[in-house]
Amino acid sequence: MRTAISALDAFVAFAPLAPSKIMSKKILFVEDEPDLQKTLGSVLENIGFEVVSAFDGEAAVTLAKQHLPDLILLDLILPKKDGFQVLEEIKKEESTKRIPVIILSNLESINEIERAIELGATTYLIKTNYRLDEVIDKIKNIIG
Amino acid sequence: MLYYYSMIENRFKIIHECKRNGLSLWQCPPFLFLVMGLVNIIAMVGSYLLASRYVDEPEIAAVIVALVSAFILIIGYFIISGFNKIAELNKMKSEFISIVSHQLRSPLSIFKWTVDLLLGDIIKNQSIAQDNNYLKILQENTERMIRTVNILLETNKIEADRFVLNKSMISLEAVTEESVKHFTDYAKSAGITIVYAKPEGLPKIFADQERLKMVIENLIDNALRYSRKGGNIFIAITRGFNRHLRWEIKDEGVGIPEKDQKFIFQKFFRSDNASRYQTSGSGLGLYIARALVKESGGDMQFTSKENEGSTFWFTLPIT
């Protein structure tokens, strides 16, 4: 009987794998362009992620500590604190250092890309080079 | 003494900067200047020693050598500071290109993703995709790209001196009223109040209406960007001295740090404070605005205090 219950538990937990897994994931989306927050943010919500929005670097660090998201999407040119500073602080802090960070920026010089990766970013995407569905696929690959 | 110390320290900083930018020591102007000075001193001492051995009046020879050396040193200094200026300008230009490409890419990425969203099958719930707000996003970003491109073209015209003003008799207070209206919604959403009481009885001026609107909108836009929520912006037009109208805008925003104030009308310049509060901006707005006002026979100035706010004003002649 006990085994049966465990099996059932396992079934309940794993059967609707994709949607429930996504449903439980939280993304911190750091972007100062309200229009981009609206397009990518609403798409992510629509496919089932919980999205927390930050419009500047200071808010990003505070919200990361407060919400402990499963993934951070981080722009680099941000008011108050730039993306590199945010990344550095997130990677220093014990509670947030293991959260994967995807850089979503329009800066494309090799210096910036190298610096972001050195600071611990998981991947670096140049916004204009990726379609919306490709960005979502990348996100799903990391936490889906 | 302290002055010399800081000068030498400064030179070493520039040498460090050269290394960072991939210039070798022998391509670095401040280092070359030091080498030149050293060679000059050695040449001077050498000439003096030779002169004192073989010439009857070594003092006169020494004075001539010293004068020639000083002359060479001064010329060298001018050449090298010229190179420094060119290098500085080059650096600013490449920074400008990176700012502009970023400025153009931001609305482009918004286009791209909004169109993906409207045309693709990413979203299951089509009511979201049909939301006409997305079309509004496309419209606003089209405007934004047009503004950026216009600013670039205007800069190019100023540079090439191909600047033709389309002048007519216009009312400065009416143009201002129209521009204020343009920003009302934005100011409201940002929690900022624009106070403008349209003055009565001012004479008309002979100016380029479109360009003037560009200047005024640039100044209002700046005041709004660097104001805090709950702040006020005051706009006033008065009759100034010498048959001029004086247009003034005062904000209670973040202000411009003193160290940055002398560069504020310089092309491509963006204050650290500006970048801290506003990520968009090409560093061309005020440069163009002042050039336009000057071309119209007026002038533009400002006063500012960090954390208290800025006042910008320009004057235009009454004809």
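**Burial in chain B.** I started with how much of chain B is buried: 23% of its 319 residues. I keep in mind that this is a predicted model.

**Fold of chain B.** Next I looked up the secondary structure and found ten helices and seven strands in chain B. I then checked how far its contacts reach along the sequence. Taking contacts in chain B between residues at least 6 apart, I see that 65% join residues at least 24 apart.

**Where chain B meets chain A.** I turned to the contact between the chains, to which chain A gives 22 residues and chain B gives 22 residues. Which elements of chain B give two or more residues to the side that touches chain A? I noted helix H3 (58–119), helix H5 (133–160) and helix H9 (272–277) of chain B. H3(B) supplies the largest share of that side, eleven residues. Sorting the side of chain B that touches chain A by class, I got nine nonpolar, nine polar and four charged residues.

**Nonpolar cores.** The largest nonpolar core holds 39 residues, and Val30(A), Ile72(A) and Leu74(A) have the most contacts inside it.

Terms used:
Residues numbered from 1 in each chain as written. Chains lettered and ligands numbered in written order. Predicted model: local features only at pLDDT ≥ 70, side-chain atom pairs only at ≥ 80, totals over all residues. Contact = placed C-beta atoms within 7 Å. Helix = DSSP H or I, 4+ residues; strand = E, 2+ residues; numbered from the N terminus. Nonpolar A, V, L, I, M, F, W, Y, C, P; charged D, E, K, R; others polar. Core = buried A, V, L, I, M, F, W, Y, C linked by C-beta atoms within 7 Å. Buried ≥ 20, exposed ≤ 12 C-beta atoms within 10 Å, placed from the backbone.
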